[in-house]
Amino acid sequence: MFDQKKFKALLVIKGKTMQNIADLLGINQATLYRKINGNSDFYRREIQAICQYLEIDDPNDIFFA
């Protein structure tokens with residue numbers, strides 16, 4: 001289950017926005033919000049890109065909480 005609170009907190013800490021993440025993934029914000037809310041799944045490449053971009057060492061903390 002995706003941990004929205006940790007993800008949003010990490011965005012603030014890193015000074016990034018939801019739009020930055022959507023742009024990184026090549027999707028619009030509505031699609032990103034569907035993924036965050038569990039209505040759609042993140043692809044492996046999306047998880048890898050986000051982890052690299054936000055310097056997340058262990059994706060389990062956020063993506064598989």
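Phe2, Phe7, Phe42 and Phe63 make up one aromatic cluster in this predicted model. The number of aromatic pairs comes to 4. A pair of aromatic rings is described by the distance of the centres and the angle of the planes.

Phe2 and Phe42 are one of these pairs: their ring centres lie 5.3 Å apart and their planes are at 25 degrees, so the two rings are stacked, since planes under 30 degrees apart count as stacked. Phe2 sits in the segment before helix H1 (4–14), while Phe42 sits in the loop between helix H3 (29–36) and helix H4 (44–54), so this pair ties together parts 40 residues apart in sequence. Phe2 and Phe42 are both buried.

Phe42 also pairs with Phe63. Here the centres are 5.3 Å apart and the planes are at 85 degrees, so the pair is edge-to-face. This pair, too, links distant parts of the chain, with Phe42 in the loop between H3 and H4 and Phe63 in helix H5 (residues 60–63), 21 residues apart. Both Phe42 and Phe63 are buried. Lys35 lies over the face of Phe42, 5.8 Å from the ring centre.

The next topic is helix packing. Helix H2 (residues 18–25) packs with H3 at an angle of about 100 degrees, and their axes are 9 Å apart. Angles of 65 to 115 degrees count as roughly perpendicular, and H2 and H3 are therefore roughly perpendicular to each other. From H2, the contact is made by Met18, Gln19, Ile21, Ala22 and Leu25; from H3, by Gln29, Leu32, Tyr33 and Ile36. By class, the contact of H2 with H3 has 7 nonpolar and 2 polar residues, and no charged ones.

Conventions
Residues are numbered from 1 along each chain as its sequence is written. This is a predicted model: local features need pLDDT of at least 70, side-chain atom pairs count only at pLDDT 80 or more; totals for chains, interfaces and linings use all residues. Side-chain values use heavy atoms; hydrogens and water are left out. Rings of Phe, Tyr and Trp (its six-membered ring) pair if their centres lie within 6.5 Å; planes under 30 degrees apart count as stacked, over 60 as edge-to-face and the rest as tilted. Helices (H or I, at least four residues) and strands (E, at least two) are DSSP runs, numbered from the N terminus. Buried means under 20% relative accessible area, exposed over 50%, partly exposed in between (1.4 Å probe, protein chains only). A charge sits over a ring if NZ of Lys or CZ of Arg is within 6 Å of the ring centre and within 35 degrees of the ring normal. Axes are lines fitted to C-alpha atoms, for helices over the stretch in contact, and angles run from 0 to 180 degrees between N-to-C directions. Angles under 35 degrees count as roughly parallel, over 145 as roughly antiparallel, 65 to 115 as roughly perpendicular and the rest as oblique. Contact means heavy atoms within 4.5 Å. Ala, Val, Leu, Ile, Met, Phe, Trp, Tyr, Cys and Pro count as nonpolar, Asp, Glu, Lys and Arg as charged, and the others, Gly among them, as polar.
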